[in-house]
Amino acid sequence: MTAGAVVAGLLAGYGIAIPVGAVGAHLVAVAARSPWRTGAGAALGVATADGLYALLAVLGGAALVPLLAPVATPLRLGSALVLVALAAHSARSAVRAYRSGTAPGRALPAAPRRAFLAFLGITILNPLTVLYFTVLVLGGRPATGPAEATAFVLAAFAASASWQLLLAGTGTLLGRAVTGPRGRLATALASSALIVALAVGVVV
């Protein structure tokens, strides 16, 4: 039964992590203009939020849905506003850095701990994550006891972490490939535009 919970957790973790939304796009952009440790910290922040929501879904089950329903719209709006603000900040920092002749993105969180907390907060603002895990838990019943619940949550976290770290690694490689000032500026502006577009999709 524990093996089944592990498989269910892995599938759930990859299911919520692999579709690259606004947070994933922002993660790649941050990793492209930051040291690897910062990108890894951001990736683990996203994965931690997924793990916490998986835990809440296992513990709360059906009780979470009616509690989240009244605040789902405000949370979506808040998430979109935060993402738009981040995109604007990133674009502004990139333009200033280009004009001053320095590497863009220096205003982004430089410390892995700050990046972790920032991305943890961004991901927690998304109510669809907890609803996703709740539906899986209620539908598939992967966790029927403490051992199975623990296995499900840890597997979901591991799956999300592995994917987010892959995104961060991709961003790091992109940052090394695009070393010119114009290339970095174009990358920053493109990622900001993508984040805004995806943020709009959150509320539409």
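Helices (H or I, at least four residues) and strands (E, at least two) are DSSP runs, numbered from the N terminus. The structure is a predicted model, in which local features need pLDDT of at least 70 and side-chain atom pairs count only at pLDDT 80 or more, whereas totals for chains, interfaces and linings use all residues. Residues are numbered from 1 along each chain as its sequence is written, and side-chain values use heavy atoms, with hydrogens and water left out.

Together with Val 6, Leu 10 and Tyr 14, Ile 18 makes a nonpolar surface patch of about 280 Å². Patches consist of residues with over 30% relative accessible area and no salt bridge, like charges being joined within 9 Å and nonpolar side chains (Val, Leu, Ile, Met, Phe, Trp, Tyr) within 5 Å; a salt bridge is a side-chain nitrogen of Lys or Arg within 4 Å of a carboxyl oxygen of Asp or Glu. Tyr 14 belongs to helix α1 and is partly exposed, at a relative accessible area of 33%.

In α1, the buried residues are Ala 5, Gly 9, Ala 12, Gly 13 and Ala 17. They cover an arc of only 115° around the axis and therefore lie on the same side of α1, the arc being that of the directions from the helix axis to the C-beta atoms. Ala 3 and Leu 11 are exposed on the other side of α1. An α-helix has 3.6 residues a turn, so residues three or four places apart point the same way. The 16 residues of α1 should span 22 Å at 1.5 Å a residue, and the end C-alpha atoms are 22 Å apart, in agreement; the expected span is 1.5 Å times one less than the number of residues.

Helix α6 (residues 112-124) was examined likewise. Its 13 residues should span 18 Å, which agrees with the 18 Å between its end C-alpha atoms. Ala 115, Phe 119, Leu 120, Ile 122 and Thr 123 are buried in α6. These buried residues fall within an arc of 165° seen down the axis, so they line one face of the helix, while Arg 113 and Arg 114 are exposed on the other side of α6.

Ser 192, in helix α9 (residues 181-203), is buried, with a relative accessible area of 5%. Neighbours within four places in sequence aside, Ser 192 is in contact (heavy atoms within 4.5 Å) with Ala 87, Ser 90 and Ala 91. The C-alpha atoms of Ser 192 and Ala 25 are separated by 8.6 Å, at 167 residues apart along the chain. Ala 87, in helix α5 (residues 72-100), is buried at a relative accessible area of 3%, and its C-alpha atom is 8.0 Å from that of His 26, 61 residues apart along the chain.

Overall, the protein contains 9 helices and 0 strands. Of its 204 residues, 43% count as buried. Among contacts with a separation of 6 or more, 88% are accounted for by residues 24 or more positions apart.

Notes. Areas by Shrake-Rupley, 256 points an atom, 1.4 Å probe, with all protein chains shown as cover. Buried < 20%, exposed > 50% of the residue type's maximum accessible area, 1.4 Å probe, protein only.
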